[in-house]
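Q: I have a model open and want to go through it. Can you start with what counts as a contact?
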Amino acid sequence: MHLPAPRGPLSAHLVDVLAGEVVLDATSVAAARAAAGTSAPLTDDDLHLSLWMLYELHYRGFDGVDDGWEWEPQLLAVRRELETVYERALRTACRKAVDAGVAAAGPDADLPEQLFGLVSSFDGPSLAKHLHREATAEQFKEVLVHRSIYQLKEADPHTWTIPRLPDGPKVALVELQYDEYGAGRAHRQHAHLFAEGMATCGLDRTYGAYVDAVPGLTLALSNAMSLFGLHRRLRGASVGHLAALEATSSLPCKKYVGGIRRLDLPEEIAEYFDEHVEADAVHEQVAVRDICGALVEQQPELRTEVLFGAAACLLTDSLLAEHVLTSWQLGLGSLRQPQQTEAVA
Ligand SMILES: [Fe+2]
Ligand SMILES: [Fe+2]
């Protein structure tokens, strides 16, 4: 994967550092602090592209960039500046949704009931409904482009959490991830099915191909998962995030399939979503009860963290849906325009 086009002072600096054109020093942390001062920490382009680049050093890295950067202390200091402000903003933005979910579940509810209460009481726009009934084929492909940022590494961010869990929840998470990774068949990996679907729709299936095309909020959605997955202290949030992801997948995926059939898009992309209709109805139960429920039984102090992670999943997803639907209502595309990409390159 190539280094992306920068979108502001910090991402420009980091691209230069990783490319070996400037030296990493104290000014890097100062630049991170300045970027973290943004008034829009949930969506800011420069902040989230920078954070995404730093996280990708832990996944697949970049062409021509030394793998040794992954654990470079000063780069981690830069990352921490960005993570601190993003995590704080997520916690603030999620508070209401968590309270509403807990209230909806009732005073005697256990953690699984609270998670289901949170999911059902969360008020967000439905992208799936629009894709089912109204979207054009071009709009559908736009959504695939947004989704490719996470879906081409589907399951990877939550895998970081496996060694951080006690035995029962750990085994349940491994069982779930085994399915995500194709149950022993490389060609059935969900990330692979998604890549196949993209290719048959005429899109570039290469990992990271569309990073320059998506707005900061799409990168933020992926960044939330990496943030939770890469910190042991956030293991509760990571599994809560997974539970909400699985609990909001089966029915929407059915609608996606309906939209694909209506638009006569290739069978391969229908197959990806179809795979999730049944699988995620099962995964939802595993994630909510056998992972999150069992974890909170053993480590009750993580209850609020699990709910926070679930709310963060719903929130970041709804910010993307809102952006996409609003853009379309205005007759615009939801991806970054070529001139935006070029202006900062
Ligand atoms: Fe999946
Ligand atoms: Fe799943």
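A: Contact means heavy atoms within 4.5 Å. Keep in mind that this is a predicted model.

Q: Fine. How is the protein divided into domains?
A: There are two parts: domain 1 covers 9-88 and domain 2 covers 106-344. These bounds come from an automatic or database domain assignment.

Q: How many residues of each are in contact?
A: On the domain 1 side 17 residues take part, and they touch 27 residues of domain 2. The C-alpha centres of the two domains are 24 Å apart.

Q: Where do Glu246 and His283 sit?
A: Glu246 is in helix H12 and His283 is in helix H14, 37 residues apart, so the pair links distant parts of the chain.

Q: Are those two buried or exposed?
A: Glu246 and His283 are both buried.

Q: And which residue bridges the iron ions?
A: Glu180 bridges the iron ion (ligand 2) and the iron ion (ligand 1). The two ions lie 3.9 Å apart.

Q: Which residues of H9 are buried?
A: Glu180 is one of them, along with Pro169, Ala172, Leu173, Leu176 and Gln177. Seen down the axis of H9, the buried residues fall within an arc of 135°, so they line one face of the helix.

Q: Why would residues a few places apart point the same way?
A: An α-helix has 3.6 residues a turn, so residues three or four places apart point the same way.

Q: What do the buried residues of H9 pack against?
A: Four helices: H8 (156-159), H10 (190-200), H12 (235-247) and H14 (267-298). On the face turned away from the buried side, H9 carries the exposed residues Asp167 and Val171.

Q: How far does H9 reach?
A: H9 runs over residues 167-180, 14 residues, and reaches 20 Å from its first C-alpha to its last, close to the expected 20 Å. Just after H9 comes Gly182, with a positive phi of about 90°.

Q: What about H15, how many of its residues are buried?
A: 19 of the 27 residues of H15 are buried, so H15 is largely enclosed by the rest of the structure. H15 spans residues 303-329 and reaches 39 Å between its end C-alphas, close to the 39 Å expected. Gly331 follows H15, and its phi is positive, near 75°.

Q: Different topic. How many disulfides?
A: The count is 0 disulfides. For Cys253, the nearest cysteine sulfur is that of Cys313, 12 Å away. For Cys313, the nearest is that of Cys94, at 9.8 Å.

Q: Buried or exposed, Cys253 and Cys313?
A: Cys253 counts as buried, at 5% relative accessibility. Cys313 also counts as buried, at 5%. The cut-off for buried is under 20%.

Q: Last one: where is Glu267 found?
A: Glu267 is in helix H14. With a relative accessible area of 47%, Glu267 is partly exposed. Between Glu267 and Gln285 there are 28 Å in space, C-alpha to C-alpha, and the two are 18 residues apart in sequence.

Note on methods:
Residues are numbered from 1 along each chain as its sequence is written. Chains are lettered from A and ligands numbered from 1 in the order in which they are written. This is a predicted model: local features need pLDDT of at least 70, side-chain atom pairs count only at pLDDT 80 or more; totals for chains, interfaces and linings use all residues. Side-chain values use heavy atoms; hydrogens and water are left out. Helices (H or I, at least four residues) and strands (E, at least two) are DSSP runs, numbered from the N terminus. The expected span of a helix is 1.5 Å times one less than its number of residues. Buried means under 20% relative accessible area, exposed over 50%, partly exposed in between (1.4 Å probe, protein chains only). The arc is that of the directions from the helix axis to the C-beta atoms. Donors are N, O and S atoms within 2.8 Å of the metal (3.2 Å for Na, K and Ca); water is not among the atoms, so sites may look incomplete. A disulfide is a pair of cysteine sulfur atoms within 2.5 Å.
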